[in-house]
Amino acid sequence: MYVVTPPQRSGLGSNSDLRVYQAWKGSNIFCLKGRFIFGPDARSLGLTISLIVVPVIIFCIFVASKLVKDFSDTWGLSIVSVAVVFTIYDIILLMLTSGRDPGIIPRNSHPPEPEALDGNNSGTTSQTPRLPRVKEIEVNGNIFKVKYCDTCMLYRPPRCSHCSICNNCVERFDHHCPWVGQCIAQRNYRFFFMFVFSTTLLCVYVLAFCCVYIRKIKESEDITIWKAMLKTPASIALIIYTFICMWFVGGLTGFHLYLISTNQTTYENFRYSYDRRTNPHNKGVVDNFKEIFCSAIPPSKNSFRAMVPREAPMPPRSAAGGFMSPNMGRGNDEIEMGRKGVWAMAEHGDDKNVSDNERFHVNDDELGDIRTTRDDDVEQRGRPNIHPRHSSWEMSPEVMALASRRS
């Protein structure tokens, strides 16, 4: 989990010795020095692996090893070998799904430049431009509405969404899967589907050979099926377990086959995005499957092992009075989950002597201290007997200049 550190002077280069994964602002967990990236709920990955491996071990010991004697040497050994190889293949797909970048879009260090104001309000001395909450863009002749993300300080591309669990904007976001501990999105959706599908086949395989073993006991001892089942309780437990799991992962496989054939994501389907309008991404069943399984996986936009670059200073704003987030003044329930980004806010309405061109810029990590100092000044005006609190963090020169003008 990323922890905000006190701001440093730009000349010191305090972040020059850190790698990207060490200064990561999302909630992800990194392993092997940034070579693997997991979600914050990566501990569930151990449970998922145990739910796959333990039943296969029981199957190999109590069922498959017994069937080796009932079949020829080649067929008997193949039953055990297929189970082991299939399980290893399933675990590899699980790790490819869980341990790679799902398609995270890097955050901006500064918000984009706000659009210029119309200038119709000539009577006002200062104006605060707002970044539009929604923009319309054209992609391949189709109009898409893209939303602004306060946390990542960017306009999300089409089909991108902010995961409140990982605290990242992810391209072609499908859903966050707690069983794999990772977002399922553009760069790992193929492996996720293959993992779910192979797990379904593994369940069918174990269930089928458990039934074969029970039938072999019935035929060899010439007893009823119920007595044969009592002689192998491990087979009964595996049949019940795999039958339940088969409905779960099998239903999930069928659902994602439908999503792939219509070129939808789980997020879009649950929001009924294309119930009343045509899906612009749908290319036909064959081309939709080719897009998922035959197209090249785009490279990651993040180099987690690279050194953290020096942050460039915030560019000067041409509009007067700073600018505001599109979520300023909105209720908390209307703001997207995650840390809200606020920047470069100048309080122009409280002081008549501040000109239109006077503003200050605040870095994201300096904001908390500036808020504390300014709030204490407000409290001190109404409570003169209380001494103000002084922070150990240094304010930017723009704030000091603004404070001297007000005094």
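## A first look at Leu18

At 30% relative accessibility, Leu18 counts as partly exposed, because that class sits between buried (under 20% relative accessible area) and exposed (over 50%), judged with a 1.4 Å probe and protein chains only. Leu18 belongs to the segment before β1 (29–31). Leaving aside residues up to four places away in sequence, Leu18 touches Ala23, Ala306, Met307 and Val308, where contact means heavy atoms within 4.5 Å.

A word on the model itself: it is predicted, so local features need pLDDT of at least 70 and side-chain atom pairs count only at pLDDT 80 or more, while totals for chains, interfaces and linings use all residues. Residues are numbered from 1 along each chain as its sequence is written, and side-chain values use heavy atoms, with hydrogens and water left out.

## The overall picture

The protein has nine helices and nine strands; these are DSSP runs numbered from the N terminus, with helices being H or I of at least four residues and strands being E of at least two. Of its 407 residues, 40% are buried. Among contacts with a separation of 6 or more, 66% join residues 24 or more positions apart.

The protein exposes about 23400 Å², and carbon and sulfur atoms supply 59% of that area. Accessible areas come from the Shrake-Rupley method with a 1.4 Å probe, and for residues only the protein chains shown count as cover.

Helix α1 covers residues 44–70, and Ile58 lies in it. The 27 residues of α1 should span 39 Å at 1.5 Å a residue, and its end C-alpha atoms are 39 Å apart, which agrees; the expected span is 1.5 Å times one less than the number of residues. There is also a kink of about 45° in α1, centred on Cys60. The bend at a residue is the angle between axes fitted to the seven residues ending there and the seven starting there.

Cys60 is one of the buried residues of α1, which also include Leu45, Ile52, Phe59 and Leu67. Ile58, in contrast, counts as partly exposed, at 31% relative accessibility. Together with Val54, Ile57, Ile61 and Phe62, Ile58 makes a nonpolar surface patch of about 420 Å². Patches are made of residues with over 30% relative accessible area and no salt bridge, joining like charges within 9 Å and nonpolar side chains (Val, Leu, Ile, Met, Phe, Trp, Tyr) within 5 Å.

## Salt bridges

The structure holds six salt bridges, each a side-chain nitrogen of Lys or Arg within 4 Å of a carboxyl oxygen of Asp or Glu. One of them pairs Arg159 with Glu268 (2.9 Å, N to O). This pair links distant parts of the chain, 109 residues apart: Arg159 is in the loop between β5 (154–155) and β6 (161–163), and Glu268 is in helix α6 (residues 266–270). Both Arg159 and Glu268 are buried.

Glu171 and Lys301 form another, with their closest N and O atoms 2.9 Å apart. Here too distant parts of the chain are linked, as Glu171 and Lys301 are 130 residues apart. Glu171 counts as buried at 17% relative accessibility, whereas Lys301 is partly exposed at 48%. Arg215 also bridges to Glu219, at 3.1 Å between the closest N and O atoms. Arg215 and Glu219 are four residues apart in helix α3 (residues 189–221), so about one helical turn separates them. Both Arg215 and Glu219 are exposed.
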